[in-house]
Amino acid sequence: MDNKQPSFTEKEVNPLTSLDQWEDAVLERYPTPESIATSKSADEYRNYDTPERDTVREFYRLNHTYQTYDFVQQKRADFLQFNKKEMPVWDAFNFLNELVDDSDPDTDLDQFQHLLQTSEAIRNDGHPDWMVLTGLMHDMGKVLCLFGEPQWAVVGDTFPVGAPYSDKVVYPEYFRNNPDYQNTAYQEGTGVYQQGCGLRNVHMSWGHDEYVYQMMKDHLPESGLYMLRYHSFYAWHREGAYDYLLDDHDREMLKWVKLFNPYDLYSKNPVPPDWNKLRPYYEDLVAKYLPATLKF
């Protein structure tokens, strides 16, 4: 089987003006509680003139066309060896900051400051320190773009591959372009999976969620790992789709995924965190849970 990735134009690699633009559409679909949006009301976030932006549609057209079962296996084999780079976590944050987003309407802060705001919102609500660290690390997987991955293979709503496509996934009409759409082994019954097999046995579309989960799986409690691995799986945790794949443990863990998402989406604030004051706490927190260096 030929798994060679097609050649893409620059617009096909980077259809969005920013990595976070796909979240803009998420927030339009799923308004979240005001309590976390401290700097302005929730309806002021992600304020674009056009609610249905062509760039987002094009992003999902590419995502739904090229995220095949074989594509996911190829990316797992390539990136889950974690042999691209090794560095201390603080150097990794500097590496991530090469993805500074100049077009985000909600913040002009760098990626690290966004992660700090997420983790600080979690911390201020009195959640356990492992969840604070989860907030700090949740977007680390976006470094995939710095390794040459197209945006649609880094961000975006995630979905199972090798299983029938749900109409609860955003822009489901674009799945008709995917070669797997014609594969009855994937599209009939429960696809390649057994009823109730559990999400841990399901391959999700490739992106930063799965990548950072695999990076952190030996360092965080399972509740935090569910937050990392499935926070973009909106068809499940917001729409209730793919229930036939779940086991009882997934249903128990769902509450943690639901708890995490508002902190990610609504914690942005134009006032940057005071790193000088926060640094001792986060240095101790990172040292408590993580090794001296991380492999990418």
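## Glutamate 120

Leaving aside residues up to four places away in sequence, glutamate 120 touches Leu278 and Tyr282; contact means heavy atoms within 4.5 Å. Glutamate 120 is found in helix H6, where helices are DSSP runs (H or I, at least four residues), strands are DSSP runs (E, at least two), and both are numbered from the N terminus. Glutamate 120 counts as buried because its relative accessibility is 13%. Buried means under 20% relative accessible area (1.4 Å probe, protein chains only).

## Basis of the model

This is a predicted model, in which local features need pLDDT of at least 70 and side-chain atom pairs count only at pLDDT 80 or more, while totals for chains, interfaces and linings use all residues. Residues are numbered from 1 along each chain as its sequence is written, and side-chain values use heavy atoms, with hydrogens and water left out.

## Helix H5

Val89, Ala92, Phe93, Phe95 and Leu96 are buried in helix H5 (residues 89–96). Viewed down the axis of H5, these buried residues fall within an arc of 155 degrees, so they line one face of the helix. The arc is taken from the directions from the helix axis to the C-beta atoms.

The cover over the buried residues of H5 includes strands E1 (86–87) and E2 (294–295), together with helices H6 (111–124), H7 (129–137) and H13 (275–289).

## Helices H2 and H3

The axes of helix H2 (residues 21–29) and helix H3 (residues 54–66) come within 10 Å and cross at roughly 105 degrees. H2 and H3 are therefore roughly perpendicular to each other, a label for angles of 65 to 115 degrees. Axes are lines fitted to C-alpha atoms, for helices over the stretch in contact, with angles from 0 to 180 degrees between N-to-C directions.

Gln21, Trp22 and Ala25 of H2 meet Thr55, Val56, Phe59 and Tyr60 of H3 in this contact.

Definitions and conventions. Buried < 20%, exposed > 50% of the residue type's maximum accessible area, 1.4 Å probe, protein only. Parallel < 35°, antiparallel > 145°, perpendicular 65-115°, else oblique.
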